[in-house]
Protein chains: 4
Amino acid sequence: MMKEIGKIDWAFSAGRIPFRSTGKEPEMVSHDKIAILNTTEEEAVVELFIFYEDEKPVGPFEIKIEPKRLKKVGFNFLIDPTCIYLERNYSCYIRSNVKVVVQFSRMNTGMAANAEMGTMAFPVDS
Amino acid sequence: MMKEIGKIDWAFSAGRIPFRSTGKEPEMVSHDKIAILNTTEEEAVVELFIFYEDEKPVGPFEIKIEPKRLKKVGFNFLIDPTCIYLERNYSCYIRSNVKVVVQFSRMNTGMAANAEMGTMAFPVDS
Amino acid sequence: MMKEIGKIDWAFSAGRIPFRSTGKEPEMVSHDKIAILNTTEEEAVVELFIFYEDEKPVGPFEIKIEPKRLKKVGFNFLIDPTCIYLERNYSCYIRSNVKVVVQFSRMNTGMAANAEMGTMAFPVDS
Amino acid sequence: MMKEIGKIDWAFSAGRIPFRSTGKEPEMVSHDKIAILNTTEEEAVVELFIFYEDEKPVGPFEIKIEPKRLKKVGFNFLIDPTCIYLERNYSCYIRSNVKVVVQFSRMNTGMAANAEMGTMAFPVDS
C-alpha cells in the first residue's frame, strides 16, 4: 500500500490575484491557485483561512477532496463565506483533517506574455 | 566519500503539462519535468504515481537512474502503463529505493515568450 | 482557536532589486518583496538584516505586523537605517519575536513582459 | 549576536544553463546561479560537485565566502577543474565547512522577454 503523505497544516503568505489577463482562455487566464493532493483512503476536509493587511481574517472556506484525488482551487472562485478582491495582498493558512500536499502557483498574463510562479507551500510542524 | 543525500519519498501537487508551444525547438518546447539526482553508489529504481481530480491514480511508472547520475523526466514522455493528457491537472508521488533529490520545473512558451517555474518537490518525512 | 504557525527565523540569499520596469503602474513595477504572515495574537516585531558581497551587513530594519495580519515589504522601500541599491546582490536574514511565515517574491518587467519568481524563504531550525 | 544560520549541505537537481540571451547586458543575460549566504564569523569554504545524465560527476569546484558576506556564483563562470556546457542537464551538491543558506535562480531571456525561476535549494539533513 501507498503511505499517507504530507502534512496537516500548510501556509503561504504572498498571495495576490492578478487583475489583468491577456491571451487564449481558459489556459492563459491570470490566477492564484493551490493544488491539494489527498493520497489517503479518507475524504479530506480542508479549511482555508485568509489573512489581510488591514482587516481581520476571513474563513473558513471549506474544500473537500475525495480519497486518492487532488483538487485545484482558484482563489478567485472562492465565494463562501465571502470573496477575495483582485490585486489585494493576502496570506492563506490551510488546515486539513488528514495529511495532504499543497503547492501554490500563479499565472499572470497581464502584459501580453505569461509569467508563472510556483512553490511548495510551507509545511507547518505538527 | 560523498554522503548519500536526499529523501526516499517526494511529492508535488500542481502538475499540468502546457498544450501550446512557440519558439525554437527543442529548448523552448513547453513541458512539465522532474529532475531526479541519485548521488548513491546504487542504481535508483524510482516509481511515479499520478493522481487526478476525477479518476483513480495511475502507475507505477518506473524510472531507473544509474549511480552518481541524474535523470530528467518529461511527463509528456511517460507512456507505460499509460500517458498523461495535456492541460489536465495532476499530482505526483515519487517513491525511490535509495535517497534521491527531486526538483520540479515547468516551461510554458504558449504566448510567444517563455515562462518558467521551479520548486524543490516536497520531501516526505520518513 | 487557530495554532500559531511558522518559524522565528527565516532567510533567503538571492535578492536583487530589478532596475528597469515597463508596463502599467503600480501592478507591473519591478520589485523584490517579502510577505510576512503573523497568525498570532501578538504584534510581531521583525528585524531584517541585509548582507552584501563586498560590504558589511546593514540593519536591523524594523517591521511591525499587527496580530492576525500580514505585511508585504518591498526592499526598495526600506530607508531606515539605510537603503538598498537596485541591481545589487543581497541576502536577507529575518528575525521575529513570534512565529511568522515568510515568502519571497520578485517581479521583473524589464523586458516589456512580466517575469515572476517566488519561493518560501528558508525556515531556520530553532 | 546573530545566530549562525543554514545548513552544511545543500543540493538541487534541475540545473541547465540557457544558451540564448536577448536584451540589455549585463542584467538580462541568461544564467543559472546560486546565491550562498555566510552569516558566520568564519570564511566559508564551499565545494560544488556537478552531476550529469551520462557522465561521471566533476568537482570539487571551490568557492570561498568571507564572513558575513554572500557570494553569487554563475554556473557558466565555473572553469576549474572544468566547465559546464550550455543547455546540458546537471545537478549540484553543495558542501560547506560552516552553515550557509543557498538559493538557486535562473534567468532565461531566450525569447525576447525575461523568464525567471527561483527556489531555495534542498537543505540536506545532517
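Analyst: Strand β3 (residues 44-51) of chain B and strand β4 (residues 58-65) of chain B run antiparallel and are joined by six bridges. The model is a predicted one. Within this pair, B:Val46 has B:Ile63 of β4(B) as its bridge partner.

User: How many residues form the hairpin that joins β3(B) to β4(B)?

Analyst: The hairpin leads from β3(B) to β4(B) through six residues. Strand β4 of chain B also holds B:Pro60, and the peptide bond from B:Gly59 to B:Pro60 is cis, with omega near 0°.

User: In which sense do β3(B) and β6(B) pair?

Analyst: These strands pair in the antiparallel sense, over six bridges. One position to look for is B:Leu48, which stands opposite B:Ile94 in β6(B).

User: Which strand of chain B do six bridges join to β1(B)?

Analyst: Six bridges join β1(B) to strand β6 (residues 90-108) of chain B, and the two run antiparallel. In that pairing B:Gly15 has B:Tyr90 as its bridge partner. Strand β1 of chain B also pairs with strand β8 (residues 122-123) of chain B, in the antiparallel sense and over two bridges. There, B:Ala11 stands opposite B:Phe122.

User: How many of the nine residues in β1(B) are buried?

Analyst: Seven of the nine are buried, so that strand β1 (residues 7-15) of chain B is mostly covered. As a general idea, nonpolar side chains tend to be buried together in soluble globular proteins. In this model, the largest nonpolar core has 128 residues, and those touching the most other members are A:Ala11, B:Ala11, C:Ala11 and D:Ala11.

User: Which residues of chain A are in contact with B:Ala11, leaving aside its neighbours within four places in sequence?

Analyst: From chain A, the contacts of B:Ala11 are A:Ile5, A:Gly6, A:Leu37 and A:Val101. Its contacts in chain B include B:Ser91, B:Cys92, B:Tyr93 and B:Ile94, as well as B:Phe122. B:Phe122 is also the residue that B:Ala11 stands opposite in β8(B).

User: How many helices and strands are there in chain A?

Analyst: Chain A has zero helices and eight strands. Read from the N terminus on, its elements are β-β-β-β-β-β-β-β. Of its 126 residues, 52% are buried. Among contacts in chain A with a separation of 6 or more, 69% are between residues 24 or more positions apart.

User: Why does A:Trp10 count as buried?

Analyst: The reasoning rests on a count: a residue is buried if 20 or more other C-beta atoms lie within 10 Å of its own. A:Trp10 has 28 C-beta neighbours inside 10 Å, and therefore counts as buried. A:Trp10 is found in strand β1 (residues 7-15) of chain A. Not counting residues up to four places away in sequence, A:Trp10 touches A:Ile94, A:Val102, A:Ala121, A:Phe122, A:Pro123 and A:Val124. For A:Trp10 and A:Pro123, which are 113 residues apart along the chain, the C-alpha atoms are separated by 4.7 Å.

User: What separates the C-alpha atoms of D:Lys56 and D:Pro67, eleven residues apart along the chain?

Analyst: A distance of 33 Å separates those C-alpha atoms. D:Lys56 lies in the loop between β3 (44-51) and β4 (58-65) of chain D. With 10 other C-beta atoms within 10 Å, D:Lys56 is exposed, because a residue is exposed if that count is 12 or fewer.

User: Where is A:Pro81 placed in chain A?

Analyst: A:Pro81 is in the loop between β5 (69-74) and β6 (90-108) of chain A. The peptide bond that joins A:Asp80 and A:Pro81 is cis, with omega about 15°.

Terms used:
Residues are numbered from 1 along each chain as its sequence is written. Chains are lettered from A and ligands numbered from 1 in the order in which they are written. This is a predicted model: local features need pLDDT of at least 70, side-chain atom pairs count only at pLDDT 80 or more; totals for chains, interfaces and linings use all residues. Helices (H or I, at least four residues) and strands (E, at least two) are DSSP runs, numbered from the N terminus. Two residues are in contact if their C-beta atoms, placed from the backbone, lie within 7 Å. Two strands pair if DSSP finds at least two bridges between them. A nonpolar core is a set of buried Ala, Val, Leu, Ile, Met, Phe, Trp, Tyr and Cys residues joined through C-beta atoms within 7 Å.
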